[in-house]
Amino acid sequence: SRSWPRSPLTWRVGLVLGCAATIYFDTNAFVPDYLKATHHAELITPALTSLNLLQLPASVLVATFANRMVARRWPLVGAGALALAALAGFLGLSGSWSIIGVGLLGFCSALGLTLNLALPPLLTDADDVHRLSAAMFTISYTCAFVTSLIGGAVWDATGIPATAFIMVAAAGPLLVVLALGLRFPRPATAGSPYQ
C-alpha cells in the first residue's frame, strides 16, 4: 500500500513538526493553570495573547524570505534553540519579561509549523504530496497529544507547576537535533526517495 510514506525522512519531518506542535499546544494548555498556581492569574490573558499574536510575525518572516528559509536547516535549529531560551525566560522571569517569553514560544512554534508546511512538495512528487502531508500531521498531532498528557502527569506526580512544561523543554533541543539531521534535495524530483 502507498497510503503511508515509508521513508525515515517522513518520520523526521513529522517529528520536527511534532516539536513545533508540542511547543505551542503544551504551552497553550498549561500557561493558565501555571499562572494561577504561581499566583499570577492576572497575566493569563496577556500571556495567551502574546503566545498567539507573535505567531503572525513568524509567518510573515517565512513568506518574505522563503527562498532563504524554506528547506534550510538553520531556521529550524534557531527555532529550537530560541524556544528553550524563551521557556527559561517565561519560567525564570516575571511580569512583562515572562509574557515576552511566552510570545517567543508562539513565534518558534509558528516558525516550525510554517517551514514544515512548505516541505511536502519539495520532498516528493505531486502524486504523493497529500500522503506525506497526512503522515506529517498524524505524527505531529500525536506528539502534541501525548506530550501534553506527560506534562500534566509529571505536574500531578511532583506537585511542581513548572514541571508541566518538561516536554516543551525537551522539544526545543530535539528540534535542533532533528533539524541538523535533515537533508533537503534541490529540487525534488519524480521518483524521489523522500516518499
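**Close-up 1. Helix 1 packs against helix 6.** The axes of helix 1 (residues 8-37) and helix 6 (residues 96-117) approach within 9 Å and cross at roughly 150 degrees; axes are lines fitted to C-alpha atoms over the stretch in contact, with angles from 0 to 180 degrees between N-to-C directions. Helices are DSSP runs (H or I, at least four residues) numbered from the N terminus. This is a predicted model, where local features need pLDDT of at least 70, side-chain atom pairs count only at pLDDT 80 or more, and totals for chains, interfaces and linings use all residues. Residues are numbered from 1 along each chain as its sequence is written, and side-chain values use heavy atoms, leaving out hydrogens and water. Helix 1 and helix 6 are therefore roughly antiparallel (angles over 145 degrees).

**Close-up 2. Residues where helix 1 meets helix 6.** From helix 1, residues including V13, L17, Y24 and V31 meet a helix 6 set that includes V102, L105 and N116; contact means heavy atoms within 4.5 Å.

**Close-up 3. L105 and the largest nonpolar core.** This core has 48 residues, and L105 is among those with the most contacts inside it, with L35, F90, L111 and F165. Such a core is a set of buried Ala, Val, Leu, Ile, Met, Phe, Trp, Tyr and Cys residues joined through side-chain atoms within 4.5 Å; buried means under 20% relative accessible area, with a 1.4 Å probe and protein chains only. Helix 1 gives the largest share, 11 residues. Among the residues L105 touches, beyond four places in sequence, are I23, T27 and V168.

**Close-up 4. G14 in helix 1****.** G14 counts as buried, because its relative accessibility is 0%. G14 and I139 lie 125 residues apart in sequence, yet 5.3 Å apart in space, C-alpha to C-alpha.

Conventions. Helix = DSSP H or I, 4+ residues; strand = E, 2+ residues; numbered from the N terminus. Parallel < 35°, antiparallel > 145°, perpendicular 65-115°, else oblique. Buried < 20%, exposed > 50% of the residue type's maximum accessible area, 1.4 Å probe, protein only.
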